Amino acid sequence: MKLLKLVPDNTNIDFMKVRNIALILSILVTVASLALVGIRGLNLGVDFIGGQVVRTTFAQPVGIEDLRSRVDALDVGEASIQEFGDGKTYQIRLPRPDGPESQAAAITGKVRTMLQTNYPGVTVGAAEAVSGKVSDELARDGFLAITLAMLGVAIYIWFRFEWQFGVGALVTLGHDVALILGFFALTQLQVDLNIVAAFLAVVGYSLNDTVVIYDRIRENLRKYRKMQIVPMLNLSLNETLSRTIVTSGSIMLALATLLIFGPDVIFGLTAAILLGTFIGTYSSIYISAPILVWLGIKPDSFLKVEDKAPNLAGSDGAVV
């Protein structure tokens, strides 16, 4: 019985042929993503800006503009209303008042009374509140966690391989994070602590994919000492292509199922990891590998550096 092979053994795709086109495309999309973040901003959740969130489920579909006009008529500040797909479930985010906690409870009570009066059968969940001080700390800690994770990864790969590999990993991770930020700025999906967890998951996945490819490149740099760097990168990418397709495909299939059939509360988390898996797969091929060419790495210079740690990837491409 023959084993199923998604990628034939003699596969020889010239990935590096379009590396300059991929670079231009990546730069344009990254700049556009950062511009979107600067212009439109992110729809920060109550975790980061403080305030109160009320989750409601209506008996019948309700128009978001009708709901918004009724909430605005209460004069409770600039409320943000987010729909969760079916026209029945909404999340109402209210600004944090400057007064005491009793004032915040009074605002929530006004909203609850309005909903129950105008929309019979509505289910109003308990209000979630986060103070401004706590939200500032959460925002700072979330940003710090992502930044330190990226820097730690780059430093590790620098010592594990060579400085060119560390720079390549850092650029790759920055590219992935920037594109996901642009996605959230474009869609205005809410960014909360779940999304921070998604960013860290994407950083971890992209690192895993990049290290597997880098380890194969390092092996081939020693094995084929007279081969030019571009053909060697193509060889390494083709040798790890089967593992990349199986790993990325299985993860994206599971996430796509969760995105379609999963609960609304994890929609943003699932969308971020799904998009990050796709972007991470692309960047591990067209960012992390070609950047070694642009940084001028050569087999001869690399051979002068002794191994600084045992192999991270086994013969099957899995990280150990």
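Leu 144, Leu 148, Leu 151, Ile 155, Trp 158, Phe 159, Trp 163 and Leu 170 make up a nonpolar surface patch, and their accessible area together is about 780 Å². The model is predicted.

The largest share comes from α5, with six residues.

Ile 155 is one of the patch residues. Ile 155 sits in helix α5. Is Ile 155 buried, partly exposed or exposed? Ile 155 is partly exposed, because its relative accessible area is 47%, and partly exposed covers the range between under 20% (buried) and over 50% (exposed).

Helix α5 also takes part in a pocket. The second largest pocket has a volume of about 340 Å³. The most comes from α5, with seven residues.

In total, 16 residues line the second largest pocket. Nearest the pocket centre lie Gly 142, Phe 143, Ile 146, Leu 181 and Phe 199. Which classes do the lining residues of the second largest pocket divide into?

| Class of lining residue, second largest pocket | Residues |
|---|---|
| Nonpolar | 14 residues |
| Polar | two residues |

To recap, α5 provides six residues of the nonpolar patch and seven residues of the lining of the second largest pocket.

Terms used
Residues numbered from 1 in each chain as written. Predicted model: local features only at pLDDT ≥ 70, side-chain atom pairs only at ≥ 80, totals over all residues. Heavy atoms only, no water. Patch = residues over 30% accessible without salt bridge, like charges linked within 9 Å, V, L, I, M, F, W, Y side chains within 5 Å. Areas by Shrake-Rupley, 256 points an atom, 1.4 Å probe, with all protein chains shown as cover. Salt bridge = Lys/Arg side-chain N within 4 Å of Asp/Glu carboxyl O. Helix = DSSP H or I, 4+ residues; strand = E, 2+ residues; numbered from the N terminus. Buried < 20%, exposed > 50% of the residue type's maximum accessible area, 1.4 Å probe, protein only. 1 Å grid on protein atoms, 1.4 Å probe; cavity = no way out; pocket = protein on both sides within 12 Å on 5 of 7 lines; lining within 4 Å. Points joined across faces, edges and corners; volume = space filled by probe spheres on them. Nonpolar A, V, L, I, M, F, W, Y, C, P; charged D, E, K, R; others polar.
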